Amino acid sequence: SSQVSVGTACEHGVSVIKNTNRYVACAGMDGTVTLRDPNSLSSLHTLVAHAGPVTAMDVRDNMLVTCGMSLFRGTYNTEPAVKVFDLRRSPRPLASIPCPMGPCLLQYSPKFSSTLLAASPSGAFQLCDVGGLLAIPGIYTVNTNGLTAMAVASSG
C-alpha cells in the first residue's frame, strides 16, 4: 500500500486537493492555496486566496478558482466572490468575480470550457464566465435545508 505524507508543510490543514497540469494544488484551512511539485510534493508557490478557510476549488487548464470564508467580528462568513488565479508562468491572482449569494461550492461545467457553477449553503446557484471574468446575471435557487455538496453532470 502506498501513502503520501506532506508533513508539517500543511500545519493549518487542507480542505481541498486538485491536480493541475503542472502542480498538485492544496487549498488550506488558513485561506492559502499551495502549489506543489507532483513528484516531490515540495511547495513551489503559495497563493493567498481568502482570509479564512478555502471551501471549494476547481481547475480548468491554467485557471484555478476558489471560494472561501473570511473572519468578521469573530464569525466566519462566506465571501461574496469567486477568486480566479492564473497558473501560467508565475502563478498569480487574476480577478475576483462578484457572487452576492456567498458561494461555498463551485465546479467548472464539463461541457462549456469557461463556465463555472457556484453555489451557496442556502441553495442559491449562479453561473460565472471565468474567461470573461464576470458573473452571468441571474441567481437560481433550490429548496434545501442546507447545501453541503454539489456535482455537475457530464452532459453539462
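1. For the bookkeeping, strands (E, at least two residues) and helices (H or I, at least four) are DSSP runs, numbered from the N terminus, and two strands pair if DSSP finds at least two bridges between them.

2. Some ground rules before going on. This is a predicted model, where local features need pLDDT of at least 70 and side-chain atom pairs count only at pLDDT 80 or more, while totals for chains, interfaces and linings use all residues. Residues are numbered from 1 along each chain as its sequence is written, and side-chain values use heavy atoms, with hydrogens and water left out.

3. Back to the sheet. The order is β10-β11-β12-β13, an open sheet of four strands with antiparallel pairing. β10 (105-108) and β13 (134-141) are the edge strands; each has a single partner, so one side of each goes without a neighbour in the sheet. On average, neighbouring strands here are turned by 20 degrees against each other, direction ignored. The axes behind that value are lines fitted to C-alpha atoms (for helices over the stretch in contact), with angles between N-to-C directions running from 0 to 180 degrees.

4. Is Thr115 buried or exposed? Thr115 sits in strand β11 (residues 115-119), and its relative accessible area of 17% makes it buried. The cut-offs are under 20% for buried, over 50% for exposed and partly exposed in between, with a 1.4 Å probe and protein chains only. Setting aside neighbours within four places in sequence, Thr115 is in contact with Tyr108, Ser109, Leu127 and Cys128, contact being heavy atoms within 4.5 Å.

5. Past β13, Asn145 lies in the segment that follows that strand. Asn145 counts as exposed, at 88% relative accessibility. From C-alpha to C-alpha, Asn145 and Gly28 are 27 Å apart in space, and 117 residues separate them in sequence.

6. Asp61 belongs to the loop between β5 (54-60) and β6 (63-72) and is exposed at 53% relative accessibility. Arg89, also not a glycine, has a positive phi of about 45 degrees. Arg89 lies in the loop between β8 (81-86) and β9 (92-98), and its relative accessible area of 76% makes it exposed.

7. β6 pairs with strand β7 (residues 75-78) in the antiparallel sense, over four bridges. Leu71 has Tyr76 in β7 as its bridge partner. Two residues lie between the strands of this hairpin, where Arg73 takes a positive phi near 55 degrees.

8. How many cavities of 30 Å³ or more does the whole structure hold? The search finds one. The largest cavity has about 30 Å³ of space and is lined by Thr20, Asn21, Arg22, Tyr23, Asp61, Asn62 and Leu87. On a 1 Å grid over the protein atoms alone, a cavity is a set of points where a 1.4 Å probe fits but cannot get out, and lining residues have an atom within 4 Å of a point. Points are joined across faces, edges and corners, and the volume is the space filled by probe spheres set on them.

9. By class, that lining has two nonpolar, three polar and two charged residues. Here Ala, Val, Leu, Ile, Met, Phe, Trp, Tyr, Cys and Pro count as nonpolar, Asp, Glu, Lys and Arg as charged, and the others, Gly among them, as polar.

Key: On a 1 Å grid over the protein atoms alone, a cavity is a set of points where a 1.4 Å probe fits but cannot get out, and a pocket is an open set with protein on both sides within 12 Å along at least five of seven lines; lining residues have an atom within 4 Å of a point.
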